[in-house]
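The sequence and the structure come first.

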Amino acid sequence: MNYWDERFETMSEEEMRNFQREHLGKTARWVYERIPFYRRKFDERGVKPDDIKTLEDLSRFPFTVKTDLRDNYPFGLCAVPLSEVVRIHASSGTTGKPITGPYTANDLEQWTECMARCLYAHGVRSNDICQNSYGMGLFTGGLGFHQGATRVGAAVIPVSSGQTERQIIIMKDFGTTVLFATPTYALTMAEKAEEMGIKLKDLPLRIGSFGAEPWTIEMRKEIENRTGIKAMECYGLTEFGGPGTGFDCVEQNGLHLNEDHFIFEIIDPVTEEVLPVGTKGELVITAIQREAMPLLRYRTRDITTLRREKCSCGRTLLKMDKIYGRSDDMLIIGGVNVFPSQIESILLEISEVEPQYVIIVRKKGYLDQIHADVEAKQEVYDLGPQKISEVEKMIEGKMRGIIGIGVKIRLVPPKSITRSEGKAKRVFDERKL
Ligand SMILES: [Zn+2]
C-alpha cells in the first residue's frame, strides 16, 4: 500500500475541484446560518452562500484574519453548541489573547485522518516506534501527532518536550525509529546526544517529522547530516486544528496539501488580489470539512508558492514550497525586505559556525541596523581573535552579496546561545521596544 487514502491522494484535478466546490458550498451555508460574525461579513459584501457556483466564486467572499479570532475569543466563531464540542486546544497567546480551537467528534476524526495521511507519506508504518517530543497540552502538536501515529498503528512514546538527556536515553533504550519534534528541538537533541557520546546515526532512528516553526532547506540538511535520519515536514495551524494540513513525501520537494479538507489560495498581501498558482504570496486557507470552527479564507500570513505538478510519489495533491517566512516576521531594514530565513540559509552554509544564532535589529540614529550573533565551532573559536574576526568579515561579505544589506556578524563562544525545547525565538527586534 503506497498511500493512506489512495482515492483522495491520487484524485484527478477535475474530480478534486468538484469535490471542493460541493464542500465549499456546504461550509459557506454552515457558517452563514450558524455564526453571526460570518452572516454579518457576507451581508456587508452582498454575498450569499448560494453564490458559490464555481471555485473561483470563493474570491468574492470576505477574508478572516487573526484579529477576528481574538475579537471573538473564546467561542464567538464556534458554529456548534458547546455540548457538541469534545476538545478545546489553544495557541500559546504570547502576543495577546490566545486563539482557541474547538473540535467536534467529527473534527477530531478529520484531524486524525489528516495526520495519519501525513505520517504515512513520511514513511511511518505500524512497526515503527514513535517518540513524541512535542509539548503535550493545549498546543496542538502533541496530541495531533499522538492521534495520527496511533491511527497508523505505530507505537507512540508520549514523552513530551524537555528533559533532553532522558529523551536520548529513551530513544536508545526503546529503539525509537521516528521522532516528532520542532526542528529546533531536534537540533538540541542531536547536540545533547553528541555530548553524551551517543551516535544517533548508530541508533534505529530513521525518520523525523518536524513542524510548528518555519525552517530552511539548509536547516533540514544540517539535521539530516547530524542525525542520519530523513527530516520530513508536517505543516499546520492551530486555526485549522493543528498539524496535518500539508506534508512532505519521500521526494522532499514541496509539501503536499490535503485539498479534500482545505482550499488553498495565494494572494498579494497588499492588494489582496488572488494570484495564479506558481506565484509567491500569502497563503489563504478555507476549511471545507470542519464543523466547530471552519474558517473561510483565513489569511495565514505565511509566505509561499503553490505548485501543481506531477510528483514521483504518485500523489496528485497540490504542492507548496517550504514556508519562506511569515509576513509578520519580515524585517524591513533601511527599506529592504529581509526574512530571517534568508539569514539562516546563509549562516547554515558556513562550515566555521554552529547552526545556533540570534538576530537583533536596532536603531542607531535614523538607521536600522541588523546584527547576528552566531556560535563559532569549538575548533574555530580556539584559534583566537584573529581567526574569529576573519570569519566574521567573510560572513558579512556573503550577506551583502546575497541579500544586499549589511549584517553585523559577531561570533560568540560555542554553547553560549540558549537552547530551545520547543519553538525557537531567534529574532529580537529592539526597534519595537
Ligand atoms: Zn510527492
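## Helix H8

In this predicted model, helix H8 (residues 183-195) has 13 residues, which at 1.5 Å a residue should span 18 Å; the end C-alpha atoms are 19 Å apart, so the length agrees. H8 is mostly covered, with ten of its 13 residues buried. These are Pro183, Thr184, Tyr185, Ala186, Leu187, Thr188, Met189, Ala190, Glu191 and Ala193.

The cover over the buried residues of H8 includes strand S3 (129-132), helix H7 (164-174), strand S5 (178-181), strand S6 (207-210), H9 and strand S18 (353-364). After H8 comes glycine 197, with a positive phi near 75°.

Helix H9 (residues 217-227), one of the covering elements, contains lysine 221. Lysine 221 counts as partly exposed because its relative accessibility is 40%.

## Helix H2

Helix H2 (residues 13-34) has 22 residues and reaches 31 Å from its first C-alpha to its last, close to the 32 Å expected at 1.5 Å a residue. Its buried residues are Met16, Phe19, Gln20, His23, Leu24, Gly25, Thr27, Ala28, Val31 and Tyr32. An α-helix has 3.6 residues a turn, so residues three or four places apart point the same way. The elements that cover the buried residues of H2 include H1, helix H3 (36-45), S10 and strand S12 (280-287).

Alanine 287 is found in strand S12 and, at 0% relative accessibility, counts as buried. Beyond its neighbours within four places in sequence, alanine 287 is in contact with Thr27, Phe240, His261, Phe262, Pro294 and Leu295. Alanine 287 also lies 12 Å from threonine 64, C-alpha to C-alpha, with the two 223 residues apart in sequence.

## Aromatic pairs and charges over rings

The structure holds 15 aromatic pairs. In one of them, tryptophan 4 and tyrosine 120 have ring centres 5.6 Å apart and planes at 50°, so the pair is tilted. Tryptophan 4 belongs to the segment before helix H1 (6-9) and tyrosine 120 to helix H5 (residues 105-122), so this pair ties together parts that are 116 residues apart in sequence. Tyrosine 120 counts as buried because its relative accessibility is 7%. A further pair is formed by phenylalanine 240 and phenylalanine 262, with centres 5.7 Å apart and planes at 85°, so it is edge-to-face. Phenylalanine 240 lies in the loop between strand S7 (230-237) and strand S8 (242-248), and phenylalanine 262 in strand S10 (residues 262-267), so the parts tied together are 22 residues apart in sequence. Both phenylalanine 240 and phenylalanine 262 are buried, and both are in contact with alanine 287.

Ring pairs also link Tyr32, Phe37, Tyr38, Phe42 and Phe61 into a cluster. Arginine 39 lies over the face of tyrosine 32, 4.4 Å from the ring centre. Elsewhere, the charged end of lysine 425 sits over the ring of phenylalanine 428, at 4.9 Å from its centre.

## Zinc site

Which atoms coordinate the zinc ion? The donors are Cys249 (SG), His256 (NE2), Cys311 (SG) and Cys313 (SG), at 2.1 to 2.3 Å. Along the chain they follow the spacing C-x6-H-x54-C-x1-C. The arrangement is tetrahedral because the four donor atoms subtend angles of 102 to 115° around the zinc ion.

Cysteine 311, at 8% relative accessibility, counts as buried. Cysteine 313 also counts as buried, at 14%.

## Backbone details

Tyrosine 73 and proline 74 are joined by a cis peptide bond, with omega about 0°. Proline 74 is in the loop between helix H4 (66-71) and strand S1 (85-90).

Glutamate 272 is not a glycine, yet has a positive phi of about 65°. It lies in the loop between S10 and strand S11 (274-275) and, at 33% relative accessibility, counts as partly exposed. Arginine 301, also a residue other than glycine, has a positive phi near 75°. Arginine 301 lies in strand S13 (residues 298-307) and is partly exposed, with a relative accessible area of 31%.

Definitions and conventions
Residues are numbered from 1 along each chain as its sequence is written. This is a predicted model: local features need pLDDT of at least 70, side-chain atom pairs count only at pLDDT 80 or more; totals for chains, interfaces and linings use all residues. Side-chain values use heavy atoms; hydrogens and water are left out. Donors are N, O and S atoms within 2.8 Å of the metal (3.2 Å for Na, K and Ca); water is not among the atoms, so sites may look incomplete. Four donors count as tetrahedral if all angles lie between 85 and 135 degrees; four count as square planar and six as octahedral if opposite donors are over 155 degrees apart and all others between 65 and 115; anything else is irregular. Buried means under 20% relative accessible area, exposed over 50%, partly exposed in between (1.4 Å probe, protein chains only). Rings of Phe, Tyr and Trp (its six-membered ring) pair if their centres lie within 6.5 Å; planes under 30 degrees apart count as stacked, over 60 as edge-to-face and the rest as tilted. Helices (H or I, at least four residues) and strands (E, at least two) are DSSP runs, numbered from the N terminus. A charge sits over a ring if NZ of Lys or CZ of Arg is within 6 Å of the ring centre and within 35 degrees of the ring normal. The expected span of a helix is 1.5 Å times one less than its number of residues. Contact means heavy atoms within 4.5 Å.
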